[in-house]
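This report looks at selected strands, salt bridges and side-chain contacts. The sequence and the structure are shown below.

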Amino acid sequence: MATPNGLARIETHGTAKKHENGVCHDDSATPVRAQTIDELHSLQRKRSAPTTPIKDGAGSPFAAALSEEERHRQQLQSISASLASLTRETGPKVVKGDPARKGEAAAKGAPPTPQKHHQHHHPAAPTIAVSDSSLKFTHVLYNLSPAELYEQAIKYEKGSFITSTGALATLSGAKTGRSPRDKRVVKDEAAAQELWWGKGSPNIEMDEHTFLTNRERAVDYLNSLDKVFVNDQFLNWDPENRIKVRIISARAYHSLFMHNMCIRPTDEELESFGTPDFTIYNAGQFPCNRYTHYMTSSTSVDINLARREMVILGTQYAGEMKKGLFGVMHYLMPKRGILSLHSGCNMGKEGDVALFFGLSGTGKTTLSTDHNRLLIGDDEHCWSDGGVSNIEGGCYAKCIDLSQEKEPDIWNAIKFGTVLENVVFDEHTREVDYTDKSVTENTRAAYPIEFIPNAKIPCVGPHPKNVILLACDAYGVLPPVSKLNLAQTMYHFISGYTAIVAGTEDGIKEPQATFSACFGAAFIMLHPTKYAAMLAEKMQKYGATGWLVNTGWSAGRYGVGKRIRLPYTRKIIDAIHSGELLTANYKKTEVFGLEIPTEINGVPSEILDPINTWTDKAAYKETLLRLAGLFKKNFEVFASYKIGNDSSLTDEILAAGPNF
């Protein structure tokens with residue numbers, strides 16, 4: 001089809017259309033209703049009433065001998081190299097510090113005295129046109145403290161305010177959630193073989209050329225600014241397998257967000273930081289070109305695994321950085337034989353570790369937060385031969401309807417240093433109204449993990465004893481707790497099931513089954529069966545037990561039965577932690593073939609087998625078969641994927657599903 005001027009229309013859809021269904025996105029959100037910036041601010045306030053060698057790193061015998069001046073020069077050179085565009089070889093000259101505090105020297109465009117030692121040299125290259133942005137100085141605000149970032153946000157970013165508890169309230173612009181359909185991964189030769197592509201996969205392809213086009217657009221935008229924020233931080237509390245990341249952004253809000261969410265280096269670690277393993281270019285205030293190939297909107301979140309780079313254009317939602325890095329860890333860690341997991345994790349006083357998997361609404365946060373146990377992390381973990389480790393240095397909690405009574409730890413963590421996204425507050429008192437959804441339902445708080453009183457620092461632990469898969473079954477046919485064998489654990493881990501309740505205009509509400517592979521399909525890079533096989537291998541090697549816990553309905557589906565009481569679920573979790581359920585008597589259910597205990601201290605025995613609680617036994621059987629059919633249909637996309645030469649493991653997983 002031709003455009004009005006006769007030129008061929010650029011195809012911007014293609015592969016994106018294939019991924020509109022089948023992937024669960026936990027924090028995607030519709031754009032805000034505001035049409036202008038002023039309208040958005042009025043909603044916010046209520047009126048009263050590349051992998052490169054590490055140079056001079058920690059392992060270098062010359063690191064300690066470096067002078068402060070030389071270390072400073074190398075650091076600026078590394079950042080300058082990050083900001084150098086591929087075709088515009090010369091990036092801007094980089095100076096540390098806020099231009100507002102550089103006095104007359106900055107005003108005249110002259111660098112401070114130490115800058116004369118910094119010349120970023122490149123190999124001989126053909127003479128090419130250089131953009132104007134390379135002729136200016138870009139001031140780098142490097143690893144600023146929260147107090148400094150507060151100052152930057154309040155002074156220069158409209159929509160930034162200090163709330164009554166001391167948290168920084170910010171706005172993410174039109175996008176208040178992730179944009180999963182605008183996420184792209186470069187499909188080069190290696191990625192084509194290693195990554196999961198096709199139906200059900202979150203990975204939507206782009207080519208190298210398009211990535212570099214977007215990269216240059218982002219870098220040119222960042223270079224055009226008077227100042228940029230640079231965070232050098234770590235991922236993974238396991239010191240042997242941590243990843244060095246560099247985040248280059250245009251907003252203080254984004255810098256503070258990543259300061260909280262990544263692991264914060266000490267001053268000594270920063271001195272020997274060297275070259276990062278992965279770099280994010282966050283130019284989210286600037287849109288992508290919609291007529292660039294593979295683009296479907298003005299938003300584009302692009303990952304290049306070979307270059308170990310991520311580019312963000314057209315969205316200021318900070319969660320794109322967090323989840324983008326999580327996706328990268330889902331690729332890098334399995335290559336080292338380390339399993340990356342979308343899970344919560346806590347540890348008992350005796351050193352017993354439990355992993356909690358669950359989609360939104362299953363109770364993962366509530367059940368993994370236990371004052372009798374230490375919190376290792378709330379969302380992202382690695383399981384290596386040395387044990388478990390948190391990937392992150394902070395927590396990213398949902399705030400909608402937050403109350404001190406229901407979530408005291410999160411409530412108390414919202415203080416100075418915490419970022420509050422898209423919340424609504426009283427214009428005079430600055431008290432936040434967590435029930436207000438004027439901007440979005442996806443209101444969030446990002447804070448360092450040490451803000452949680454019972455956090456275990458460092459965030460590492462021994463091998464898990466229990467792997468708990470949480471499902472909120474609104475059909476009311478899954479048992480409150482089942483002990484799983486390895487094949488069943490893999491089957492239910494790959495399925496990632498929960499059921500939500502959806503309302504309709506005429507008031508009729510029916511459960512809707514939701515499946516998200518590995519309980520985080522939006523973030524995984526490899527085929528789900530690969531993560532499941534690694535999980536089974538580690539559980540078998542280190543003696544962990546798998547459990548399926550239903551936090552949903554009993555005595556009937558939603559609208560007929562009632563939700564299982566939270567005190568009963570807590571008793572079940574306590575029995576798992578204590579080892580009580582390992583010695584319990586079990587019987588097997590029909591269809592799903594689940595092993596269920598006949599009694600648990602503090603839990604009525606009749607609810608342990610769902611059929612006992614249903615008055616209409618025929619309705620129970622009909623509903624059970626209906627859910628089993630949904631499981632089978634969902635698993636069809638995985639059934640054709642073979643693990644091992646003889647496919648025996650694949651067959652074993654399939655046999656662990658419902659049979660009828």
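How many of the five residues of strand E12 (residues 309-313) are buried? The model discussed here is a predicted one, and in it five of the five residues of E12 are buried, so that the strand is described as mostly covered, a residue being called buried when its relative accessible area is under 20%. In a regular strand the side chains alternate between the two faces of the sheet.

**Neighbours of E12**

Strand E10 (residues 278-283) pairs with E12 in the parallel sense over five bridges, and within this pairing Asn282 stands opposite Ile312. Strand E11 (residues 300-304) also pairs with E12 over five bridges, but in the antiparallel sense, with Asp302 placed opposite Val311. E11 and E12 form a hairpin that has four residues between the two strands, and in its turn Arg308 has a positive phi of about 55°.

A salt bridge joins the side chains of Arg307 and Glu309, with an N to O distance of 2.8 Å.

**Salt bridges**

The count of salt bridges in the model comes to 24. Three of them are set out here.

| Salt bridge | N to O distance |
|---|---|
| Glu157 and Arg251 | 3.3 Å |
| Arg307 and Glu309 | 2.8 Å |
| Lys364 and Asp379 | 3.5 Å |

In the salt bridge between Lys364 and Asp379, the closest N and O atoms are 3.5 Å apart. This pair links distant parts of the chain, with Lys364 in helix H10 (residues 364-368) and Asp379 in the loop between strand E16 (374-377) and strand E17 (380-384), 15 residues apart. Lys364 and Asp379 are both buried, and they belong to one network in which salt bridges that share partners join Lys322, Lys323, Lys364, Asp379, Glu380 and Glu392.

Strand E19 (residues 394-398) is mostly covered, with four of its five residues buried. E19 pairs with E23 in the antiparallel sense over five bridges, and here Ala397 stands opposite Ala445 in E23.

Asn454 is found in the loop between strand E23 (444-448) and strand E24 (460-461). Is Asn454 buried or exposed? Asn454 is buried, its relative accessible area being 13%. The side chain of Asn454 reaches the backbone oxygen of Asp370 at 3.1 Å. When residues up to four places away in sequence are not counted, Asn454 touches Asp370, His371, Arg373, Leu374, Leu375 and Asp409.

Note on methods
Residues numbered from 1 in each chain as written. Predicted model: local features only at pLDDT ≥ 70, side-chain atom pairs only at ≥ 80, totals over all residues. Heavy atoms only, no water. Buried < 20%, exposed > 50% of the residue type's maximum accessible area, 1.4 Å probe, protein only. Pairing = 2+ DSSP bridges. Salt bridge = Lys/Arg side-chain N within 4 Å of Asp/Glu carboxyl O. Polar contact = N/O pair within 3.5 Å; in protein donor to acceptor, adjacent residues only side chain to side chain. Contact = heavy atoms within 4.5 Å.
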